[in-house]
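Visitor: Hi, I'm new to this one, could you walk me through it?
Guide: Gladly, let's take a look together.

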Amino acid sequence: MSKTITIALAGNPNAGKTTLFNTLTGARQHVGNYPGVTVEKKAGAYIFPSGEQATIVDLPGTYSLTAYSVEEVVARDYLVQEKPDVVINITDASNLERNLYLSTQLLELGVPMIIALNMIDVAQDRGITLDAQRLSDLLKVPVIPILARSGKGTPELMGNALELARKNTPWNPLHISYGEDVDLALRTMAECISEAGFMTDSYTPRWLALKYLEGDSQIQEKGRKNNPTVDAQLQEIVARVSAHLHQTMETYPEAIIADHRYGYLKSVLRQEVITHKFDIDRLHASDRIDKVLTNRFLGPLIMLGVLLGLYKFTFTYSALPVAWIETFFGWLGTILSGLLPDGHLKSMLISGVIDGMGGVLGFVPLIMFMFFGIAILEDSGYLARVAFMMDRVFRIFGLHGSSVMAYIVSGGIAGGCAVPGVMAARTLRSPRERLATLLTVSFMNCGAKLPVLALLTATFFSNNQAQLMFLLTLLAWGVALTAAKVLRLTVLRGESTPFVMELPPYRFPTFRGLLIHTWERTWQYIKKAGTTILAISILIWAMMTFPGLPKSEEEFFAQQRQEVTASADQTTEALSLKEKLAAIDTAQAGSSLRHSLAGRIGTAMESVSWLPGFDWRTNIALVGGFAAKEVIVTTLGTAYSLGETDPEANGSLAETLARDPHWNPVVALALIVFVMFYAPCFVTVVCISRESGSWKWGVFSICFNTGFAFLLATLVYQGGRALGFAG
Amino acid sequence: MPTILLREMQKDQSGTITAVKVGGELGRRIRDMGIVPGTRITIMGRAPLYDPVAIRIMGGTLTLRNSEADYIEVEPA
């Protein structure tokens, strides 16, 4: 048995890379992160018919191999450092010339590669005929037409990959001529690099020289660290050529290089590789759809409708499975409380573990439905249209049309998560727009806030729940955008960055792709729930249980109980005796919770939290919510179920709140507003810090958000009371 | 033939790019996406607020802001 073969998938975004990855690896996938950065690293297993095994790595989609974005750096570093046995370059056959631009860069790097011509059916429909054999002969790499969706052509593709891996040929970089000036500079620089042995263990001299000329900041930085003298020499040549080109032709080295790459491609494609049957400007089905969906008047209306539809879909269809899960955990709690003896263990299992897990898992169906909807929008190509239509608006707030992705993933369509949202902000190039997005995405209604919002709206605004939830989403957008503008005018002042983006053709999402997409994100949520939140749930249970009441107080309650029982013997009926005893139990539970660590913190906070109308129980829940927003509901639940002393009789939290005299719609609304905007959860704060490269911004987001939320919630509560809605 | 800026082009108008007069990151990004001299483009439409603009190039559709389109010179067909 030979070693496992490594195959990397590289290609433009929207070329069908992920579809091919799913087709090849099916469910045998592993999602991780590249070290140091938060770009997703997807790897999966593939077994050849001959029994050999391969690891398939899905590189992030890129248009180029310069260091324009983190994705490009990750893809390039992976290829150079990990040296995969084979690279499969997936190209969109209906848009081949642009797609082959990345291929030429891969060829220049010299990796052993195969070109997969994906979506040949679309190309055929568009009247494009491709001669794969001819292209293969000209580029000197195998070219295989495939349909990633159905898997057609993939056996041949993988057969070629295996053959190439077995050959194990050394890397063979392609040399393209870039015209006299650049070629001369390249030669001089390459010589200089070879002589000095400048980073030659990782890169070939010509490739390094090329990157210097292209103004590649990552490579130049590495070079400066590696050998400042050679770096200075190279920089000097680059400066000379740049000045010359600018004087004579008013152009830049990187422009010349790109032009010649395209020139090379054009010359290849012109040799009877590609023929167009129709006029190239012919309107495709996708363009006709766009005439409606991005229409000046209809477009925005349809967009609003689509987003509203997603809401209805999520809330309506997830209701039933949510109820099932709640029933299941209720049943589990009853069974367990019957089996276990009274004491701390029982209390921990029921109030800590089961309530905690139940509260979190109960929202899994909701999150699944929401992610399914988002996956449809993403995979169909509609999300890019949303960015296109929204850019003009976003720019007003000092953001970028691409910010919309980060906002939507974070919960702009409620139910996202700020953690991937913060990561999605990485596609933004400008540090300022990115930071502004990073710091404001957490204002969105993420999936973890939904339980709180859903609980409170269902309890206090049951007649207009869907409408209110929609309004709350609009409010989140309003606040996030305003905050972004404020940041861009103050701490993050500066210029805006390029908005060059592809509008991929509309496609029917594959069901399999949707399922994998949905499952991946849901699983991330469950994993978070299963680990962090379970631990926090138990921790909070402990904080709410210890230290217990002092002996003297326990004796006081026991004595009261005895008195009531004794005096009840003759006169009163059994029912009223039971009531009296229950009242004592509640009083005892109440005072022991107040006595606990959490109760002390919550009570101490009441000195300020009376302003937005929160009592100590809410305060405890909000403190817990900093660890993870999911915990808010479970903590409230634990606080109230502990208060009732009898875990077997724990009615739903909604009923408890509805009955509690402290609660009314104004308090609920103030809490909703506070939960929406206060400090992001700990995981998000960590991500913000990591993405922005400084803990300063993480701390900033905690203070900024909490201060803002406190102000707004106080305004709602005091305003509502003054207007007399608190009744 | 006179050249005009991409911003000045009307919907459905076609032309050939003659120059991309910008370097740095924006320039690189523009070229990565296939916007290079000698390439034919057609204006597909504009966003509801007239900005950004959608163009057809090399069989795909790209969007860019008017302020970015100002660097691109086109010879109208």
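What follows is a short chat about how the parts of this predicted model meet.

Visitor: Which domains is chain A divided into?
Guide: Keeping in mind that this is a predicted model, chain A is divided into domain 1, residues 5-167, and domain 2, residues 180-276. Taken over C-alpha atoms, the centres of domain 1 and domain 2 of chain A are 25 Å apart.

Visitor: And how many residues are in contact between domain 1 and domain 2 of chain A?
Guide: On the side of domain 1 of chain A there are 27 residues in contact with 24 residues of domain 2 of chain A. Between them these two domains bury about 2,300 Å², with 58% of that on carbon and sulfur atoms. Within domain 1 of chain A, the residues that lose the most area to domain 2 are A:R76, A:E97 and A:Y101, which together make up 25% of what that side buries.

Visitor: What does A:E97 form a salt bridge with?
Guide: The partner of A:E97 is A:K266, and the closest N and O atoms of this salt bridge are 3.7 Å apart. The count between domain 1 and domain 2 of chain A is 3 salt bridges, and 8 residue pairs, both at pLDDT 80 or more, are in polar contact across that interface.

Visitor: Which element gives the largest share of the domain 1 side?
Guide: That is α3(A), from which 9 residues of the side of domain 1 of chain A that touches domain 2 come. By class, that side of domain 1 of chain A has 13 nonpolar, 6 polar and 8 charged residues.

Visitor: Switching topic, how much area is buried between chain A and chain B?
Guide: The area buried between chain A and chain B is about 4,000 Å², of which 53% comes from carbon and sulfur atoms, and 50 residues of chain A are in contact with 43 residues of chain B.

Visitor: How many salt bridges are there between chain A and chain B?
Guide: The count is 5 salt bridges between chain A and chain B, and one pairing joins the side chains of A:R392 and B:D51, at 3.9 Å from N to O. The elements of chain A that each supply at least two residues to the side touching chain B include α3 and α16 (382-396). That side of chain A divides into 19 nonpolar, 12 polar and 19 charged residues.

Visitor: Do β10(A) and β5(B) run parallel or antiparallel?
Guide: They run antiparallel, with 3 bridges joining β10(A) to β5, residues 60-64, of chain B. Along β5(B), B:T61 stands opposite A:L503.

Terms used. Residues numbered from 1 in each chain as written. Chains lettered and ligands numbered in written order. Predicted model: local features only at pLDDT ≥ 70, side-chain atom pairs only at ≥ 80, totals over all residues. Heavy atoms only, no water. Domains from an automatic or database assignment. Contact = heavy atoms within 4.5 Å. Buried area = accessible area lost by both parts, 1.4 Å probe. Salt bridge = Lys/Arg side-chain N within 4 Å of Asp/Glu carboxyl O. Polar contact = N/O pair within 3.5 Å; in protein donor to acceptor, adjacent residues only side chain to side chain. Helix = DSSP H or I, 4+ residues; strand = E, 2+ residues; numbered from the N terminus. Nonpolar A, V, L, I, M, F, W, Y, C, P; charged D, E, K, R; others polar. Pairing = 2+ DSSP bridges.
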